[in-house]
Amino acid sequence: MSINDATTAVNAELAGRDDIIVCDGVDKWYGDFQALKGVTATIKEREVVVVLGPSGSGKSTWIRCINRLEQHQGGRIIVDGVELTNDTRNIEKIRSEVGMVFQSFNLFPHLTVIDNITLAPIWVRKRPRGEAEQTARELLERVGIPEQADKFPGQLSGGQQQRVAIARALAMEPRIMLFDEPTSALDPEMIKEVLDVMKELANSGMTMMVVTHEMGFAREVADRIIFMESGEIVEVGTPEHFFTNPTEDRTKLFLSQIL
Amino acid sequence: MSDLLKSDVDLEAIIAQADEDEITLRPDEPSLPPGEWMRKNLFSTPFNSVLTIVFALGALWAYRAILNFIFSENTQWDAVRVNLRLMFTQAYPDENYTRVWVSLAIVAVLAGLSLGLSKVGRGLSLKKIATWCFGWGGLIVLGVLLREPSVKTDASGESVFADANGVELVRDDLGSLAYANGDPAPSQGLELIRESFGSAMGNRTGWWIIGLLLLAVGAAIWFGLGDFRRRNTFVPAIPFGLAGVGLLVSTTWWYGWGNYTFSEEGFTYEPGELVASSTRNPWTVVFLVLVGAYIVGRAIQRTERAGTVRAITNLSWLLAPFVTFWAVLRGPVLDWGYVASVDIPLYLLFAVGGGLILWMLTNPHIGEAGRIIAVVILAIAAFTWISAFFGWFGMLQKIRLSILFLGLAALLAPNFKGDAKQRMKLIYGWLGFITIFHVMVTLINTPSSIEVPTEDFAGGFMVSIYVSIFTMIFSFPLGVMLALARTSRLPLFRVMSTVYIESFRGVPLITMLFFFTVFVNLFLPEGMELSLFAAVVVAFVLFSAAYLAENVRGGLQAIRRGQYEASDALGLTTVQRTAFIVLPQGLRVSIPPLVGQVIATFKETSLLAIVGVFDFLRMARDVIPAQTEFLGVRKPGLLFICVVYFVGAYAMSKYSQRLEKQLGVGER
C-alpha cells in the first residue's frame with residue numbers, strides 16, 4: 001500500500017465522522033504583522049492533530065484563536081457547530097467545551113491541586129462540591145498523581161504540575177483538548193510522564209489539537225500532521241506521509257533541520 | 001543522682017518530641033567571641049569605627065535625654081495618671097460605664113476565640129526569650145547608669161538649692177530659702193543640687209534588681225541549659241502573651257493608676273476615687289473572659305466545627321465595631337411605635353420581596369430576562385438617588401440604599417444559578433445582609449441616651465480607634481473596586497476611577513477634613529446631614545480608598561497574564577475570575593503596602609484634633625493643659641499618646657508580617 005493510499009484511507013475513515021472544528025480563511029494581525037494568513041482546516045471528531053512548524057510560524061496563535069484567547073480578524077472559526085463571534089455567550093459556551101493546556105502550566109498558585117481542578121466544574125458547570133471532588137480525584141488517579149491532591153502547585157515538579165493542568169482541563173469534560181507546547185517548559189526527564197498521559201488521552205478517543213516539537217509523539221500518536229510556516233498551512237498528511245515522503249520543499253527543509 | 005537522671009529523661013523527651021515534630025534542627029553555628037564579633041561587625045575599617053562611635057554616642061545621648069525627661073522631678077506624670085480615663089473615653093458618664101466594659105468584653109470574647117482557633121505556630125524559642133531578657137536587662141542597666149542623678153531632697157521632701165557659688169541653702173521655719181547662718185538667700189542664680197553619682201546608684205536599687213534579674217534569667221536560659229536543642233525548645237506564644245496581659249491587668253490591684261472625677265461644666269480635675277480601684281473588677285472580668293474564650297476556642301479547634309466557628313468569628317469581627325459603637329456605647333433609645341409601624345414593615349418588604357426577586361433571578365431558565373430585571377432595579381436605585389438631590393420624591397435614606405443593594409445582589413444572581421441549594425446561598429446571603437443593615441440603620445436613627453458635654457458621646461482614644469476602624473472597613477472595598485475599575489477594560493470605568501484616585505491623592509488630608517466638616521452639609525439636599533463624626537469618617541474613607549486603590553492595583557499588575565488566560569480557558573466569567581483568581585493573588589501581594597496604609601490611617605486620626613473632634617491628641621494638647629492643676633502641662637501627655645500610637649502601629653506591623661508568612665504557603 002503506497003503512502004498516498006494510506007492517506008486516502010485515513011481520509012476515508014475520517015470522512016465518516018462529524019466536523020468538530022472548522023477554520024475557513026482565518027486571518028490574524030498583530031499590528032502590521034500578519035500572524036495567520038487564511039488558515040483553512042477541518043478537524044474531525046476523535047481526531048488527534050499535531051501542528052508542527054518553526055517558531056513564529058503561527059501555530060500557537062492559531063490554536064489560541066480556537067478558544068478565543070486571541071481574536072481572529074478575518075475568516076470564520078466554527079467549533080462544535082457554534083461560530084466564534086463577539087457574542088460573549090457563544091464564547092462562554094465554547095470555552096467550557098474546549099480544554100486548554102499551556103506551555104507554562106498556568107495553575108492557580110494560591111489554590112491546592114484539588115481546588116485548582118474543582119473550581120471551574122463547581123462554578124461553571126454548577127456541580128455539587130462533593131461530586132466535583134470525586135471526579136477530580138479520579139482524574140488525578142488517571143494522570144498518575146493521586147497523592148498530590150492537597151498540595152499547592154508550587155510544591156510539585158514541572159511534570160506533575162502539567163499533569164494537574166491536564167486534569168484541570170479534563171474536569172470540565174471537554175469535547176476538545178488543545179495543547180500549546182505542553183512539554184516545552186519541562187526538564188527532559190519529565191517530558192515522558194506528560195506525553196504518556198497525552199497518549200492515554202488520545203487512545204481514549206479525545207479530539208486533540210497539539211502544538212509540539214516532540215516528533216516522536218507526533219509520529220506515534222497523530223492521525224494527521226499539519227505543518228505551518230509564516231502563518232500558512234504548508235502541508236497536511238498522515239505521520240507516515242509527513243516524515244517519510246513530504247511533498248513540499250519547506251517541509252523537507254524543516255525536517256532536515258530537526259531530524 | 002536522681003535529679004541528674006530526671007534531667008536526662010527530660011532532655012530525651014524533648015529531643016524525641018523535636019524529632020517527632022520534624023523540626024529540622026540546624027546545628028548551632030559556633031558564635032564568635034564578643035571581641036572578635038565587634039571587630040568584625042563594628043570596627044572592621046577606620047571609617048566604620050568612626051561611624052560606630054558617632055552613632056553609638058548619638059544613641060546614648062538620645063536615650064539619656066529621654067530618661068532624664070521621664071524621671072525628672074519637673075515632669076508631672078500625674079497629669080497623665082490622673083487623666084487616664086479622660087484620655088481614653090473622654091467624659092463618658094460614670095453611670096453608663098458598664099457599656100464600655102461590655103464593649104471590651106465583646107472584643108475580648110472575639111480575640112480569645114480567634115487566638116484559640118488560630119493555627120498553633122512553633123511559638124517562641126527559648127533562645128528568643130533569652131535574647132529579649134538580655135536586651136531589656138541591658139537597656140535597663142544602661143539606663144540606670146546613664147540617667148542624671150535625681151535632685152537632692154531634705155528631710156521634709158523639698159528640693160535642695162544652692163546659690164551661684166555652690167553654697168547649699170536650707171529652709172527656714174517659714175519654708176523660704178536661707179543660708180545656714182540665717183542670712184536671706186539671693187533671689188536670683190539659684191540652682192538645684194543633685195545627688196552624687198554614687199548615692200544616685202544607691203537610690204536606684206529597684207531598677208538594678210529588675211535589670212540584673214532579666215540579665216540573669218537570660219544567662220540562665222542561654223548558658224545554663226547547655227544543649228542547643230533546649231535553646232531551640234519552644235514556648236507556646238499565645239499563653240505567654242496572655243500571661244503578659246494578665247500581669248498588666250494585675251497592676252490595677254497593686255498600683256495606684258489615676259484619679260478621676262468629672263465636674264458638670266467641663267473637664268476639670270478633682271480628686272476622687274482611684275481609677276485602679278474602680279476598674280480592677282471589670283478589668284479582671286474582661287481578662288477572665290479573654291482567657292475563657294481562648295480555652296473554648298482551643299477546644300473547638302480540635303473538633304470538626306472549627307472551620308464554621310472560625311468563619312462566624314471573622315464575620316463577628318466585622319460586625320463588632322458597629323455593634324459596640326452604635327448599639328452598646330451609644331445607648332440608643334428606640335421608639336417602639338415607629339419601629340413597629342415603619343421599620344419592621346420596610347424590613348419585611350425588602351427581605352421577603354428581595355428574596356423572591358433573587359429566587360426568580362437565579363432560576364436557570366430565566367435567560368435574558370434576568371439581566372434586564374437587574375438593570376431595571378439598578379436604574380430605579382439610580383433614579384431614587386438622583387431625585388433625592390432635586391428633592392422630588394421624599395423617602396427614607398434606607399429605602400434608597402436597600403434598592404441599591406438589591407440591584408447589586410441581582411447583578412450577582414447569574415453566578416448562583418443552579419439547583420435549589422445553590423440558589424439558597426444567595427438568598428441566605430441577602431437575608432443576612434439586609435437584616436444586619438436594617439437593624440443597624442434602625443439603631444443609628446435613634447437618639448443617644450448618653451449625656452456628655454461635647455457634641456458626640458465618643459471622645460479620646462475611643463473616637464480615634466473607631467474612626468480608624470470604620471475607615472478601614474469602608475475604604476477597603478471602595479479601594480478594591482477603584483483598583484479593579486482602573487484596570488478594567490471598559491474605558492468609562494478606567495477614566496472615572498483614574499480621575500477619582502488622582503484628585504484625592506492630590507489633595508491634603510487636612511483640607512479634605514475641613515471640607516467635609518464645614519462645606520459638605522451645605523451641598524447636601526434637605527433632610528440629609530452629616531454629623532461631625534460621620535463627616536470625618538467619610539473624609540477619611542474617600543482619602544484612604546484612593547491610596548488603597550493604588551496599592552491594590554500594584555498587586556493586580558503583579559499577576560501574570562497566564563492566570564487570566566487559564567481562567568478564561570476554563571470558562572470562568574469575569575466576576576468569577578476576579579473573585580477567585582485575581583483578587584486573592586493580587587491582595588496577597590499587596591499586604592505590606594495595605595497594612596502600611598492602615599497604619600498611616602490609624603496615625604492620621606490625630607488630625608481630628610484640628611477639625612474640632614475631642615480625640616486622643618486633643619486630650620493631651622488642649623484639655624489636660626486647661627485643667628487648673630495641670631495648667632500648661634503638655635509634654636507628658638504627648639509622650640504618652642506617642643507610646644500608645646506606637647504600640648498600636650507596631651502590633652499591626654507585626655501582625656501583617658505573620659499574615660504574610662501564613663499566606664505565603666503555596667506561593668512559588
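pLDDT is the predictor's confidence in each residue, on a scale from 0 to 100. That scale matters here, as this is a predicted model. Overall, the model scores ipTM 0.90 and pTM 0.82.

Start with chain B and its confidence. Its mean pLDDT is 84, and 90% of its residues reach 70 or more. Among the elements of chain B, helix α19 (residues 491-505) has the highest mean pLDDT, at 94. Helix α1 (residues 2-20) of chain B has the lowest, at 45. Residues 1-11 of chain B stay under 50 throughout. For that stretch the model has 4 contacts beyond four places in sequence. Residues 18-23 of chain B are also below 50. This second stretch has 6 contacts beyond near neighbours in sequence.

Now turn to chain A and its four-stranded sheet. The 4 strands form an open sheet in the order β2-β1-β4-β5, with antiparallel pairing. β2 (33-44) and β5 of chain A stand at the edges. Each has a single partner strand, so one side of each is left without a neighbour in the sheet. Helix α2 (residues 59-66) of chain A packs on this sheet. It touches β1, β2 and β4 of chain A, and its direction makes about 60° with that of β2(A).

Follow the pairings across this sheet. Strand β1 (residues 19-30) of chain A joins strand β4 (residues 74-79) of chain A over 5 bridges, in the antiparallel sense. A:Ile21 has A:Val79 in β4(A) as its bridge partner. β4(A) pairs in turn with strand β5 (residues 82-83) of chain A, antiparallel, over 2 bridges. There, A:Ile78 is bridged to A:Glu83 of β5(A). β4(A) and β5(A) form a hairpin with 2 residues between them. In the turn, A:Asp80 has a positive phi of about 55°.

Chain A also holds a six-stranded sheet. Its 6 strands form an open sheet in the order β6-β7-β8-β3-β9-β10, with mixed pairing. The edges are β6 (98-101) and β10 (232-237) of chain A. Each of these has a single partner strand, so one side of each lacks a neighbour in the sheet. Neighbouring strands of this sheet are turned by 20° against each other on average, direction ignored. At one end of the order, β6(A) and strand β7 (residues 176-180) of chain A run parallel, joined by 4 bridges. A:Gly99 has A:Met177 in β7(A) as its bridge partner.

Two helices of chain A come next. Helix α7 (residues 188-203) lies across β3 (48-52), β7 and β8 of chain A, running at about 145° to β8(A). Helix α6 (residues 158-170) of chain A is mostly covered: 13 of its 13 residues are buried. At 1.5 Å a residue, the 13 residues of α6(A) should span 18 Å. The end C-alpha atoms are 18 Å apart, which agrees.

A:Thr207 sits in strand β8 (residues 207-211) of chain A. Why is A:Thr207 called buried? Buried means under 20% relative accessible area, and A:Thr207 has 3%, so A:Thr207 counts as buried. What lies around the side chain of A:Thr207? A polar atom of that side chain lies 2.9 Å from the backbone nitrogen of A:Arg46. A polar atom of the side chain of A:Thr207 also lies 3.4 Å from the backbone oxygen of A:Arg175. Leaving aside neighbours within four places in sequence, the contacts of A:Thr207 include A:Ile20, A:Ile43, A:Lys44, A:Ile176 and A:Met177.

Terms used: Residues numbered from 1 in each chain as written. Chains lettered and ligands numbered in written order. Predicted model: local features only at pLDDT ≥ 70, side-chain atom pairs only at ≥ 80, totals over all residues. Heavy atoms only, no water. Pairing = 2+ DSSP bridges. Contact = heavy atoms within 4.5 Å. Buried < 20%, exposed > 50% of the residue type's maximum accessible area, 1.4 Å probe, protein only. Polar contact = N/O pair within 3.5 Å; in protein donor to acceptor, adjacent residues only side chain to side chain. Axes fitted to C-alpha atoms, helices over the stretch in contact; angles between N-to-C directions. Expected span 1.5 Å × (residues − 1).
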